[in-house]
Amino acid sequence: MNFIIGALKIIFLLGFLVLIHEGGHFLVAKLCKIYVKEFSIGFGPKIISWQGKETKYSIRWIFFGGYVDMLGETERNESEKAFNNASIPKRLAIVAAGAIVNIIFGLVVFFILICIAKHDLFFSLKQTGVFILDIFDSLKTIFTGNLNMDQMVGPVGISEMVVKTNGLFNFVYLMSLISVSLGVTNLLPIPALDGGKIVILIIEWIRRKPLSEDVEIKIQMTGFTLLLLFSLYVTYKDILKIF
């Protein structure tokens with residue numbers, strides 16, 4: 001029974017955070033009149049899917065992510081509703097939207113939880129401010145090369161923390177922290193992450209012309225490979241900590 005409860009906690013938390021992240025991309029894409037082919041929660045084989053008026057919606061078995069498949073995102077298209085033909089400000093907004101939703105959601109929930117616990121609005125604002133400063137301090141350690149790899153946590157480590165939460169308050173508190181962490185991590189200027197895509201769009205803005213498709217694909221694939229290797233390393237460290 002404990003295993004089932006733990007699994008349900010992990011599925012709900014990750015599924016919900018992926019939903020609001022991809023939902024951010026999806027809603028802004030729709031507002032910008034971009035044709036969205038598929039909105040998926042999870043990767044891998046489909047559990048269920050249904051066709052909307054324009055977009056296919058899917059839920060898949062691997063909950064560690066999701067995607068919004070837009071026309072003209074991976075292969076350039078001549079349609080006026082293609083992602084590649086939208087203005088750079090619109091594309092920047094679409095790419096950044098998922099991470100921004102995660103960060104705002106996490107901070108708002110963090111603030112509300114402190115209010116509930118302390119019944120003090122000023123104290124809650126102060127603690128939320130401290131939390132934001134801690135985030136900037138963490139980013140500083142990344143960009144100055146002072147990051148301690150032993151402090152990094154991957155999917156296995158996150159799952160273990162989720163399983164160990166006691167009560168709704170602790171569960172939602174952890175969700176708020178993970179949501180902010182997910183949002184900030186996605187904005188890092190690393191190819192294959194949203195932050196890497198933002199850098200490529202800024203380069204296009206400066207050059208006033210896009211990078212060639214071959215160069216962009218190579219950058220994304222290199223970033224994806226490095227990210228995968230890093231994830232495997234962090235997962236390996238997580239497993240060693242558990243056992």
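Helices here are DSSP runs of H or I of at least four residues, numbered from the N terminus. The model is predicted: local features need pLDDT of at least 70, side-chain atom pairs count only at pLDDT 80 or more, and totals for chains, interfaces and linings use all residues. Residues are numbered from 1 along each chain as its sequence is written, and side-chain values use heavy atoms, with hydrogens and water left out.

**Helix H2**
- H2 covers residues 88–118, and its end C-alpha atoms lie 44 Å apart; this agrees with the 45 Å that its 31 residues should span at 1.5 Å a residue. The expected span is 1.5 Å times one less than the number of residues.
- H2 has a kink of about 45 degrees, centred on Ala97. The bend at a residue is the angle between axes fitted to the seven residues ending there and the seven starting there.

**H2 with H3**
- H2 packs on helix H3 (residues 121–143) at about 140 degrees, with the axes 9 Å apart. Axes are lines fitted to C-alpha atoms, for helices over the stretch in contact, and angles run from 0 to 180 degrees between N-to-C directions.
- That angle makes H2 oblique to H3. Under 35 degrees counts as roughly parallel, over 145 as roughly antiparallel, 65 to 115 as roughly perpendicular, and the rest as oblique.
- Residues of H2 in the contact include Phe110, Phe111 and Lys118, and those of H3 include Phe123, Gln127 and Phe131. Contact means heavy atoms within 4.5 Å.
- By class, this contact has ten nonpolar, three polar and one charged residues. Ala, Val, Leu, Ile, Met, Phe, Trp, Tyr, Cys and Pro count as nonpolar, Asp, Glu, Lys and Arg as charged, and the others, Gly among them, as polar.

**H2 with H6**
- The axes of H2 and helix H6 (residues 194–207) come within 9 Å and cross at roughly 170 degrees. H2 is therefore roughly antiparallel to H6.
- On the H2 side, Arg91 and Leu92 are among the residues that meet H6, whose own set includes Asp194, Glu204 and Trp205.
- The contact of H2 with H6 has nine nonpolar, no polar and four charged residues.

**H4 with H5**
- Helix H4 (residues 155–163) and helix H5 (residues 167–186) cross at roughly 155 degrees, their axes coming within 10 Å. The pair is thus roughly antiparallel.
- Ile158, Met161 and Val162 of H4 touch Phe171, Leu174 and Ile178 of H5. The six residues are nonpolar, with no polar and no charged ones.

**Lys9**
- Lys9 sits in helix H1 (residues 2–31).
- Beyond its neighbours within four places in sequence, Lys9 contacts Val162, Val163, Thr165 and Phe171.
- Lys9 and Lys164 are 155 residues apart along the chain, yet their C-alpha atoms are separated by 9.8 Å.

Notes. Helix = DSSP H or I, 4+ residues; strand = E, 2+ residues; numbered from the N terminus.
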